[in-house]
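I opened this entry to keep track of what I looked up in one structure. The notes follow the order in which I checked things.

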Amino acid sequence: MLRIRIDNHLQARVAQWLFLRRFSLWSMKKEAELESALSRNRRWVVNNQIKNIILRYPNNEIPIETLQKKFKTLDLQGKALNWLSKYPCCFQIHDNRCRLTKRMMNLVAQEHSLIDSLQPFFARCLAKLLMLTLHNRLTVLKINEFKRSFGFPDDYVIRILPNYPNLFRIVNESGRRSSMAVELLHWDPDLAVSAVEASAVKLGTPPRFSCSLPSSWVKSWERFREFDEIPYISPYSDPRGLVEGSKEMEKRNVGLVHELLSLTLWKKASIVKLGHFRREFVLPDRLNVLLLKHPGIFYVSNKYQIYTVLLREAYVGSQLVDKDPLVVVKEMFGELMQEGLHEYNQRRRLFNLEKRRKTGIPLICVDGANGRRRNHEVDEDSDGSGGDSKVGGLFDPEERKRFYRVLFDDDVS
């Protein structure tokens, strides 16, 4: 019986090792600054969803009871009222109903106004996206996977496409909703210029990728220089003349991923979602292997088990070099959340201190296990929502301090 238990334990350990090894191949050596740039906080995502829910209701108000029922779809536990109370700068409670605060509504108005003014930008971005595909066409379902990354509004199909009848058209050959696609009608050579080529024109040099690695990475620099000797191939060119598996095809594929990331707001994308476009963009099956071969151009991370590729040259430290106006507005929303959460935490901290004084509990004690002094005042940032309480670094205090810098979640619907 003992031998059976040992064998089962060894099998479990081996299976765990193989599982971790498999996924370790999806990421690079972690770099603190770029990891912080990829920080995303579940509470920020949930509050954005709550914001969108409230805006869909009459007078932009929702009964607390109704919102409580929707908490299940947000994967939250506990009372909605308790959650909303943590963000007084974002949500206002009155008569068992919830509305957005004036400051929050001002940000919403800013965002909507900005989206209206950016329609030409969205049309240009969508046109370039279609020009990167093999047949200049993408289904609406697939575009929707990346609409958050590009900043497209939810109703881009009816808000933007009708304004450009000479550029786009909707096709649906089978009549099924899932087959509805957007097709490019006009190829604009002025748009068929990649970010690498545009940068080369400004510098007056041949188009080349930039390598953002420390000089100490000698072997990576050697591989990059060898790769850089291959002539640049535009991602807007037809790839059917290239041999699969050749160095030229690899150069073209790296250029295409580089261009896709350049079109996004945060210069990053989910690797899994990129893989859904293999057929349309003629990308290799093992896309993660391609990305990991070029650490000077891409940074690959599995932060929070969400495999993401980030464009290195777009960041200095943890900061995005060129921030789109939409990114600025979304960061303001995060800062407003942080302000409200800080206010809530201060009230809770003072309340707990007063409660301990009244009950005679000392504010500082010695940790019996480690012999260290520690403060009884725990950080009240924990939301007690369940589910994510075991995610480790997601609720690390340092991560919480940076949560307002989150990148907009691609999975938010």
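I started with Tyr 344, which sits in helix α16. Helices here are DSSP runs of H or I with at least four residues, strands are runs of E with at least two, and both are numbered from the N terminus. The model is a predicted one, in which local features need pLDDT of at least 70 and side-chain atom pairs count only at pLDDT 80 or more, while totals for chains, interfaces and linings use all residues. Residues are numbered from 1 along each chain as its sequence is written, and side-chain values use heavy atoms, with hydrogens and water left out.

Is Tyr 344 buried or exposed? I found it buried, at 10% relative accessibility. Buried means under 20% relative accessible area, exposed means over 50%, and partly exposed lies in between, with a 1.4 Å probe and protein chains only. I also looked up Lys 86: Tyr 344 and Lys 86 are 258 residues apart in sequence, but their C-alpha atoms are 5.5 Å apart in space.

Next I followed α16 from end to end. The helix has 35 residues and spans 51 Å from its first C-alpha to its last, close to the expected 51 Å. The expected span is 1.5 Å times one less than the number of residues. At the start of α16, a side-chain oxygen of Asp 324 comes to within 2.8 Å of the backbone nitrogen of Leu 326. Just after α16, Gly 360 has a positive phi of about 80°.

**Positive phi elsewhere**

I then looked at residues other than glycine. Most residues other than glycine have a negative phi. Lys 267 is not a glycine, yet its phi is positive, about 55°. Lys 267 lies in the loop between α12 and β7 and is buried, with a relative accessible area of 17%. Val 282 also has a positive phi, near 55°. Val 282 is in the loop between α14 and α15 and counts as partly exposed, at 25% relative accessibility.

**Helix α12**

I went back to α12, residues 247-263. This helix has 17 residues and reaches 25 Å between its end C-alpha atoms, close to the 24 Å expected. How many of the 17 residues of α12 are buried? I noted 15, and the helix is mostly covered.

**Pocket and cavities**

Lining residues have an atom within 4 Å of a point. Grid points are joined across faces, edges and corners, and a volume is the space filled by probe spheres set on the points.

The largest pocket has a volume of about 920 Å³. It is lined by 35 residues, and the closest to its centre are Ala 195, Ser 262, Lys 267, Glu 313 and Asp 322. Which helix gives the largest share of the lining of the largest pocket? That is α10, with seven residues.

I counted two cavities of 30 Å³ or more. The largest cavity holds about 90 Å³ of space. Eleven residues line it, and Lys 51, Glu 111, Val 329, Lys 330 and Phe 333 are the closest to its centre. The elements giving two or more residues to this lining are α3, α6 and α16, and α6 gives the most, with four residues.

**Asn 48**

In α3 I looked up Asn 48. Asn 48 is buried, at 2% relative accessible area. Its side chain makes a polar contact of 3.2 Å with the side chain of Lys 51. A polar contact is a pair of N or O atoms within 3.5 Å; within protein, one must be able to donate a hydrogen and the other to accept it, and residues adjacent in sequence count only if both atoms are side-chain atoms.

**Strand β8**

Strand β8 covers residues 298-301. Phe 298 and Val 300 lie on one side, Tyr 299 and Ser 301 on the other, and all of these are buried. In a regular strand the side chains alternate between the two faces of the sheet. β8 pairs with β9 in the antiparallel sense over four bridges; two strands pair if DSSP finds at least two bridges between them. Leu 311 in β9 is the bridge partner of Phe 298.

Conventions: 1 Å grid on protein atoms, 1.4 Å probe; cavity = no way out; pocket = protein on both sides within 12 Å on 5 of 7 lines; lining within 4 Å.
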